[in-house]
Amino acid sequence: MGWFSKLLDKLRGDRPPPDALAEPVVEESPFQALIEAEADAQPAAEPESPEEVDAFQFGPQRMPRSTVGLFYPGGGIFLIRHPEDNRAGLICQFGSGHEGLRPLAGDWNGDGLHGIGLYEPDSGGFVLRNNMGGGGSDHQFQFGSAGEGWLPLIGDWDGDGIYGVGLYNPANSAFYLTNSFEGGDAQIAFLFGPPNEGWVPMAGDWDGDGVHSTGLYNPARGLFLLRNRLCDGWDVDEEFSFGPTGEGMQPVTGDWEGSGRTSVGVYDPEEGEFHLRLTADGGSAKVFSFGPKGIPAWPFSVIWV
Ligand SMILES: [Ca+2]
Ligand SMILES: [Ca+2]
């Protein structure tokens with residue numbers, strides 16, 4: 001617990017945080033520099049050759065990348081890995097410290113920056129904050145059935161750049177999704193996958209069309225089923241095994257390379273290791289240790305540029 005206690009001490013401000021923990025949250029949209037560069041670009045009226053046109057181009061390598069984090073429910077602590085190295089780039093506190101809380105992260109207001117959030121299974125409550133800094137919540141609402149073991153997920157279900165929330169009912173393998181931060185009925189509901197077999201729901205933009213869809217992960221088999229549609233059905237678009245296997249393994253999803261497509265990963269809590277599948281098409285994996293071992297934590301991913 002020593003490492004964790006030091007984290008808590010730093011949060012409480014008992015001593016000045018070291019530089020590694022003092023990284024400020026970027027308040028400006030990550031796209032601001034790109035927008036300004038595009039606005040400043042002066043396309044030549046009559047370019048002599050395409051090579052001489054100095055127009056700004058938005059290349060795939062410029063897309064924001066996802067990084068991973070761990071949420072410690074007991075302290076309400078979000079520990080977020082710096083995207084460029086293995087240090088703890090950001091620590092923030094959000095939530096009541098209730099052990100049942102699950103972490104969420106997404107762009108709740110369409111500014112291109114991700115904020116954090118929490119889902120409380122006992123009450124069916126979602127609490128979302130538009131940034132990764134301090135302060136209260138920006139959205140708070142009830143959605144879905146409370147206390148029935150439903151699992152939360154997030155995604156941009158309509159491709160407008162603003163993430164919504166969703167729930168998965170393991171008992172019937174039903175997904176319930178909404179773009180609203182007011183709660184109420186699901187705007188999209190469908191059955192996908194086998195009920196009651198220990199599958200964990202996921203969401204991501206697997207094909208890069210800007211719309212997020214769902215997937216399922218089986219920890220015992222290390223099996224991923226990804227699907228690009230939000231409707232009833234058993235058909236899958238991608239099926240593959242990845243990462244270590246075992247009941248305790250937890251999936252994460254993110255765009256680890258800034259490709260514009262969501263890929264997957266696995267968090268091994270016993271080893272304190274993340275295994276990221278670097279591209280949506282497979283290829284190499286990135287494995288690293290992050291966070292203290294042996295303290296119950298939920299993994300999540302967030303875009304932080
Ligand atoms: Ca949306
Ligand atoms: Ca998609």
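The exercises below, with worked solutions, concern a predicted model of one protein chain.

**Exercise 1. Confidence**

Find the average pLDDT of the protein chain, and locate stretches where pLDDT stays under 50.

Solution. 
- Step 1. The average pLDDT of the protein chain is 83, and 79% of the residues reach a score of at least 70.
- Step 2. Over residues 10-35, pLDDT stays under 50. For residues 10-35 the model has 28 contacts beyond four places in sequence.

**Exercise 2. Overall make-up**

State how many helices and strands the protein chain has, what share of residues is buried, and what share of contacts is between residues 24 or more positions apart.

Solution. 
- Step 1. Two helices and 20 strands make up the secondary structure.
- Step 2. The protein chain has 305 residues, and 34% of them count as buried. The cut-off here is 20 or more other C-beta atoms within 10 Å of a residue's own.
- Step 3. Take the contacts with a separation of 6 or more: 42% of these join residues 24 or more positions apart.

**Exercise 3. A four-stranded sheet**

Trace the open sheet that contains E12, then examine the pairing of strand E14 with E15.

Solution. 
- Step 1. The strand order is E12-E13-E14-E15, with antiparallel pairing.
- Step 2. Strand E12 (200-204) and strand E15 (238-241) are the edges, each pairing on one side only.
- Step 3. From one strand to the next, the twist averages 20 degrees.
- Step 4. Strand E14, residues 223-226, pairs with E15 over four bridges in the antiparallel sense.
- Step 5. Opposite phenylalanine 224 stands phenylalanine 240 in E15.

Definitions and conventions:
Residues are numbered from 1 along each chain as its sequence is written. Chains are lettered from A and ligands numbered from 1 in the order in which they are written. This is a predicted model: local features need pLDDT of at least 70, side-chain atom pairs count only at pLDDT 80 or more; totals for chains, interfaces and linings use all residues. pLDDT is the predictor's confidence in each residue, from 0 to 100. Two residues are in contact if their C-beta atoms, placed from the backbone, lie within 7 Å. A residue is buried if 20 or more other C-beta atoms lie within 10 Å of its own, exposed if 12 or fewer, and partly exposed in between; C-beta atoms are placed from the backbone. Two strands pair if DSSP finds at least two bridges between them. Axes are lines fitted to C-alpha atoms, for helices over the stretch in contact, and angles run from 0 to 180 degrees between N-to-C directions.
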